Amino acid sequence: MKFASQVVHAGDRKRQPGAPVPSTTPIHLASTYFYDSAQTLDRIFGHEEEGFCYSRYASPTNAALEELTTTLEGGFDSLATASGMAALQIAFQTVLLDRPHSVLASHSIYGATVGLLDDVLGPFDVRVKYVDVCDRAALEKAVHSFQPGCIFIEGISNPLLRVADIPAIAELARNAGAALVVDNTFATPMLMRPLDLGANVVVHSATKYLAGHGDVLGGIVVTDEAHAEPVRRLSRIIGPVLGPFESYLTMRGIKTLALRFERQCRNAGCLASWLASHPCVDRVFYPGDPNHPDAATIKQLFAPGLFGAIVSFEIKGGTRSSILEFMDRLRMIVPGTSLGDVHTLLLYPWIASHRNVSPKMRERMGIGENLVRIAVGIEDFEDIRADLDAALRGGVW
Ligand SMILES: Cc1ncc(COP(=O)(O)O)c(C=O)c1O
């Protein structure tokens, strides 16, 4: 099946002997399951037979969603987690189980991921180093000197939208005995599938494009075969799993992912072109820009004609206070946090996603006080343009 059909069908319509087949997977709220024979339960507890016994281990609604995300990312198995951050934590803990406790991470990533690495894993003796993963020489040098157990990148980096050469990094990781973990939240499997390109583990904040409607907090970890059972083993103990209602909503959201994302990408292309000649705008960051520093990699990795649906830009003379006023002038665009929803969202990294990153790290990431990020929705582009134009022109910059 092609992607647009997989999003609609994969994971659904499980048959059980003698029972009618629901056309979509229902929400199974039960926390415990039993069988006609306790011997069956015994075999399920012992992993000798597949089945459900306790929802911290596995449950039917989650299993359907996990089959769907495994199919979309071309993985071996998936785990649906309570948030994207929970997905990242279990991914790092899994890949570091039998490798050196050191993570070489892209220096251009979501602020809370920096917090996870430095403040959560760091105190447990995980060494962390940041590098520009789009600078091949710097990356190679860091791999050789640091000897990481894990290399971590975002498929499209947050918020400056750099795109690293995943196949080349996967080869470097393999040769160094490190696992490659890719956060594919911004790109979605519609744009690229990192496991096909050599990654070991893919992570999503399902809160974003997968669920897509601003009503779910969730995460997904998709693994290759080698990391599937270790992820399950950790999850069975820690239990960071997604609730069944959120699983249902995520699955329902994914059914329209292909439609939504195509429209969002198209709107983002229009927005980037329009912003490029706007008198209040200094610089625009957009993967579809022919002069993008990673244009050759983007051409090689992304599905043809799609460049993602995020556009970041610097506002001429923008300061914290003038940007907060600009946000207050928006009438339709939601000046909140997050991305990937059907509605257009504007985020100011300085106060939101990268608020808790040190000023030094922020400077290294290239995040200035005048940078804003737009996650383009599915509205009519003219309404997005008009709202932004009025808010930009209404200020004294
Ligand atoms: C790229 C990326 N990864 C992970 C996360 C964390 O996801 P969640 O908020 O679902 O925990 C976010 C949240 O914004 C994100 O942008």
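Is Ile27 buried, partly exposed or exposed? Ile27 is partly exposed, with a relative accessible area of 32%, where buried means under 20% relative accessible area, exposed means over 50%, and partly exposed lies in between (1.4 Å probe, protein chains only). This is a predicted model, in which local features need pLDDT of at least 70 and side-chain atom pairs count only at pLDDT 80 or more, while totals for chains, interfaces and linings use all residues. Residues are numbered from 1 along each chain as its sequence is written, and side-chain values use heavy atoms, with hydrogens and water left out.

**Ligand surroundings**
- The ligand is surrounded by 15 residues, the closest being Gly84, Asp183, Ser205, Thr207 and Lys208, where a residue counts if one of its heavy atoms lies within 4 Å of the molecule.

**Salt bridges**
- Twelve salt bridges are found in a search of the whole structure, each being a side-chain nitrogen of Lys or Arg within 4 Å of a carboxyl oxygen of Asp or Glu.
- Glu140 and Arg136 are joined by a salt bridge between their side chains (2.6 Å, N to O), and because these two residues are four residues apart in helix α6 (residues 136-146), they are separated by about one helical turn.
- Glu140 is partly exposed at a relative accessible area of 29%, and Arg136 is partly exposed at 42%.
- The side chains of Glu49 and Arg43 also meet in a salt bridge (2.8 Å, N to O), with Glu49 partly exposed at 32% relative accessibility and Arg43 partly exposed at 31%.
- A salt bridge likewise links the side chains of Asp196 and Arg193 (2.8 Å, N to O), and Arg193 is partly exposed, with a relative accessible area of 27%.
- Glu66, Asp77 and Arg232 are connected in a network of salt bridges.

**Cysteines**
- The count of disulfides comes to zero under the rule that a disulfide is a pair of cysteine sulfur atoms within 2.5 Å.
- Cys265 is in no disulfide, and the nearest cysteine sulfur, that of Cys270, is 11 Å away.
- Cys265 counts as buried at 5% relative accessibility, and Cys53 is buried with a relative accessible area of 9%.

**Surface patch and buried positions**
- Ile27, Leu29 and Phe245 make a nonpolar surface patch of about 300 Å²; patches are made of residues with over 30% relative accessible area and no salt bridge, with like charges joined within 9 Å and nonpolar side chains (Val, Leu, Ile, Met, Phe, Trp, Tyr) within 5 Å.
- Ile27 is found in the loop between α1 (3-9) and α2 (38-45), where helices (H or I, at least four residues) and strands (E, at least two) are DSSP runs numbered from the N terminus.
- Leu249 is placed in helix α10 (residues 244-254) and is buried, with a relative accessible area of 18%; Leu249 and Leu210 are 39 residues apart in sequence and 9.7 Å apart in space, C-alpha to C-alpha.
- Ser83, in the loop between β1 (77-81) and α4 (84-95), counts as buried at 16% relative accessibility.

Terms used. Accessible areas come from the Shrake-Rupley method with a 1.4 Å probe; for residues, only the protein chains shown count as cover.
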